[in-house]
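Please look over the sequence and the structure below before reading on. The paragraphs that follow go through them step by step.

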Amino acid sequence: DTDRALVLLEEYCKKLRKPEEQQLKKAIRKVMGIFKSSLFQALLGSFTKKPMRYGTTSYPSSPAALACDVLGCPKD
């Protein structure tokens, strides 16, 4: 749930006060901005399975799956 993730990230950011944590705080705020973007929200909507008249259209399980496909993720 994106809204819950945003709340948790915001709470975590409030705890980052040390000078050496500011780079992490900046990166987290960037991620939060992405989560709030209309493009990200549209991608989230497109990854749900949508029933169709003649079956179900299947999409990758999550935006994370797409990100791994695009950016490459380490293999276990």
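**Helix 2 and its surroundings**

Helix 2 has 15 residues, and from its first C-alpha to its last it reaches 21 Å, close to the 21 Å expected at 1.5 Å a residue. That expected span is 1.5 Å times one less than the number of residues in the helix. Helices (H or I, at least four residues) and strands (E, at least two) are DSSP runs, numbered from the N terminus. The model is a predicted one: local features need pLDDT of at least 70, side-chain atom pairs count only at pLDDT 80 or more, and totals for chains, interfaces and linings use all residues. Residues are numbered from 1 along each chain as its sequence is written, and side-chain values use heavy atoms, with hydrogens and water left out.

Three residues of helix 2, namely Ile28, Met32 and Phe35, are buried; buried means under 20% relative accessible area, exposed over 50%, and partly exposed in between (1.4 Å probe, protein chains only). Viewed down the axis of helix 2, the buried residues fall within an arc of 55°, so they line one face of the helix. The arc is that of the directions from the helix axis to the C-beta atoms. On the other side of helix 2, Gln23, Lys26 and Lys30 are exposed. What do the buried residues of helix 2 pack against? They pack against helix 1 and helix 3, where contact means heavy atoms within 4.5 Å.

Val31 also has its place in helix 2. At 35% relative accessibility, Val31 counts as partly exposed. Val31 and Leu6 are 25 residues apart in sequence, and their C-alpha atoms are 9.1 Å apart in space.

Helix 1 takes in residues 2-15, which is 14 residues, and reaches 20 Å from its first C-alpha to its last, close to the 20 Å expected at 1.5 Å a residue. The buried residues here are Thr2, Leu6 and Cys13. Seen down the axis of helix 1, these buried residues fall within an arc of 40°, so they line one face of the helix. The face turned away from that buried side carries the exposed residues Lys14 and Lys15. Helix 1 packs through its buried residues against helix 2 (22-36) and helix 3 (38-46).

Thr2 counts as buried at 16% relative accessibility. Leaving aside neighbours within four places in sequence, Thr2 is in contact with Phe35, Phe40, Gln41 and Leu44. With neighbours within four places left aside in the same way, Leu6 is in contact with Met32, Phe35 and Lys36.

Which residues make up the largest nonpolar core? It has 7 residues in all: Leu6, Cys13, Leu16, Ile28, Met32, Phe35 and Phe40. Helix 1 and helix 2 each supply at least two residues of this core, and helix 2 gives the most, with 3 residues. A nonpolar core is a set of buried Ala, Val, Leu, Ile, Met, Phe, Trp, Tyr and Cys residues joined through side-chain atoms within 4.5 Å.

Charged side chains come next. Side chains of opposite charge can pair when their charged atoms come close. A search of the whole structure finds 1 salt bridge, meaning a side-chain nitrogen of Lys or Arg within 4 Å of a carboxyl oxygen of Asp or Glu. The side chains of Arg29 and Glu10 meet in a salt bridge, at 3.3 Å from N to O. The pair links distant parts of the chain, with Arg29 in helix 2 and Glu10 in helix 1, 19 residues apart. From C-alpha to C-alpha, Arg29 and Glu10 are 8.1 Å apart. Arg29 is partly exposed, with a relative accessible area of 38%, and Glu10 counts as partly exposed at 25%. Apart from neighbours within four places in sequence, Arg29 is in contact with Glu10 and Cys13.

Now the chain as a whole. Its secondary structure comes to 4 helices and 2 strands, in the pattern α-α-α-β-β-α along the sequence. Of the 76 residues in the chain, 13% are buried. The chain exposes about 6,300 Å², and carbon and sulfur atoms supply 59% of that area. Accessible areas come from the Shrake-Rupley method with a 1.4 Å probe; for residues, only the protein chains shown count as cover.
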